[in-house]
Amino acid sequence: MNKEIDLWSVVEELSDDQVKACGSGCSCGCNYENTGGSSSSQNSKANNKRNLHSPQSNCSPYDSDPGAP
Amino acid sequence: MTDLYISYPLNQKKRVLEIIKNPYDIKNNTDKDIFNKLKDSNNIIHNNFNEYRELLRLRNRAFYQNDISELTILPTLKCNFNCSYCFEQSKDKDMGNDILGKVAKELYINSLRNKLLIIRWFGGEPLLKLKHIETVNIFAKELQDKNDNNFASMVTTNGYLLTDENQNRLMDAHITTIDITFDGSPVLHNSHRFTQDDSNTYDTISQNVKNFLDKDPINNAIIRFQLHSTDSVEIEAVIKEIYSFDKYKSQINFYFRFIFTNCLDSWSDGEAQQVKNKDQISILEYMYKKIMHKGFSPVIYGKSFSYCSYENENKWVISPNGDCFKCTVGATADRIHGTLTDNGIEDNKLKRNEFNTKVDPELTKECKQCGNLPLCWGGCQLVRYQSSLDDEKPFVCKFNKKPISEDNIPSVLFLDKLTSMKQVYQNIQKVII
């Protein structure tokens, strides 16, 4: 496979806290900023956070209405 | 607001119009059915319902919805073509590996909330940097898959380098959609679009696209024909070329654009505000009807609650050096709205604040009483912003509160008309089948 660089090794530099589960000002109540994963694996790191996050997907500071048009 | 078209039997036409005029005049069950259908489709609404506020709510949601990210990445500004009208000013920039790394970080940081990630490749000619496309797309697909999220990617290419090998590489990089542009008929195209060494390009592009579509039924193309002339010979020649794609009808969508000037020259007017003249409208209608009658599909975008999807906070154009824009046209220093960093894209908050301060009150003031708002959404925000900086040329909306007539159809409203035309042709085809 043609690849310029290994991007997975690049994102290893990122810490758990930098992964956003939801936008700032989110009104879904997930309080994601206080929930951190602890796994060193990049993928389980992401999954830990998702499990703690509300399933609400259309989460915006302007509208917490669950239904998308 | 809902983009719903509803139909009634012809013999109910008079009654439907009466009920629209006076919804409280319900006399029997038929009237009640008519009323309910109008009500359920939001074609009539309660007097106390403030439509304008609802439209602003929907617009805000379109601006701030954060579970879809769309990045248009320019891996290079270099091009193998030398088109007569090209607006690109800096043609010698390539994206370096450091920027690719920052792109990956932007994707990773937002990977949990990106229920859908769309990456569009643009340029320059993006196939000159095919390895960049492969590197980022394969990473992005793995990332999205691991979070059970969706990924889509497409490339806007001139098609000249779409060789068999490159087609395979694109497909391996999860790209099955290509955006292609022809500059009219083969003769006119070859007079506008040539390679750096002045070679003709039409036949190669056309054959490459057909080969790509032949390769896999899942492959598809969005084909744009630029119209440089309203001459009937030219128009018929373009239609003939479209017919040459007959075998691929189910894999392609067409659209047309009049182009008479360099893009940057016409930028201050803004395409949103261009009122097409009567000749152009009738030519477009003629062409769309001809191709739809043959079973070809035009490009139709779904209902939108903002003029441009890139007004959303999570949609960006990333230039080769990491500057982030809100539009691929005129990516110049004064239009930089963000920067790609090791912490993802950092919005220029001062710029956004200034932007919103200048643009939104104007939209609120001008558009509040305008019935065209749900269709045009105030036009291009960038055009309004640019105008706000120039005291001598204030922004003037050319179709504010004006009724739409046959010789006064702004570009964006024509799309709505096209939607209804497409439905008519789909219904005709159903009847024929």
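Here are some exercises on a predicted two-chain model, each with a worked solution.

Residues are numbered from 1 along each chain as written, and chains are lettered from A in the order in which they are written. Local features in this predicted model need pLDDT of at least 70, side-chain atom pairs count only at pLDDT 80 or more, and totals for chains use all residues, while side-chain values rest on heavy atoms, with hydrogens and water left out.

**Exercise 1. Get to know the two chains**

Task: Find how many helices and strands chain B has, and what share of its residues count as buried.

Solution: 
- Start with the terms. Helices (H or I, at least four residues) and strands (E, at least two) are DSSP runs, numbered from the N terminus.
- Buried means under 20% relative accessible area, exposed means over 50%, and partly exposed lies in between (1.4 Å probe, protein chains only).
- Chain B has 15 helices and 13 strands. Of its 433 residues, 50% count as buried.
- Now look at chain A, with two helices and zero strands. It has 69 residues, and 35% of them count as buried.
- Next come the contacts, that is, heavy atoms within 4.5 Å. In chain B, among contacts between residues at least 6 apart in sequence, 73% join residues at least 24 apart. In chain A, residues 24 or more positions apart make up 50% of the contacts with a separation of 6 or more.

**Exercise 2. Follow the salt bridges**

Task: Work out which parts of chain B are tied together by the pair B:Arg120 and B:Glu70.

Solution: 
- Begin with the idea: side chains of opposite charge can pair when their charged atoms come close.
- A salt bridge here is a side-chain nitrogen of Lys or Arg within 4 Å of a carboxyl oxygen of Asp or Glu. Over all chains, the structure holds 20 salt bridges.
- In the pair B:Arg120 and B:Glu70, the closest N and O atoms are 2.8 Å apart. B:Arg120 sits in strand β2 (residues 116–121) of chain B and B:Glu70 in strand β1 (residues 68–73) of chain B, so the bridge ties together parts that are 50 residues apart in sequence.
- B:Asp183 and B:Arg193 form a salt bridge with their closest N and O atoms 2.9 Å apart. B:Asp183 is in the loop between β4 (177–182) and α7 (186–192) of chain B and B:Arg193 in the loop between α7 and α8 of chain B, so this pair ties together parts that are 10 residues apart in sequence.
- B:Asp183 is buried at 0% relative accessibility, and B:Arg193 is buried at 10%.
- Finish with a network: salt bridges link B:Arg15, B:Glu18, B:Asp25, B:Lys27 and B:Asp31.

**Exercise 3. Describe a helix pair**

Task: Decide whether helices α4(B) and α5(B) are roughly parallel or roughly antiparallel.

Solution: 
- Two packed helices are described by the angle between their axes and the distance between the axes.
- Axes are lines fitted to C-alpha atoms, for helices over the stretch in contact, and angles run from 0 to 180 degrees between N-to-C directions.
- The axes of helix α4 (residues 97–109) of chain B and helix α5 (residues 130–146) of chain B come within 11 Å and cross at roughly 20°.
- Angles under 35 degrees count as roughly parallel, over 145 as roughly antiparallel, 65 to 115 as roughly perpendicular and the rest as oblique. The two helices are therefore roughly parallel to each other.
- Among the contact residues are B:Leu100 and B:Val103 of α4(B) and B:Val136 and B:Phe139 of α5(B).
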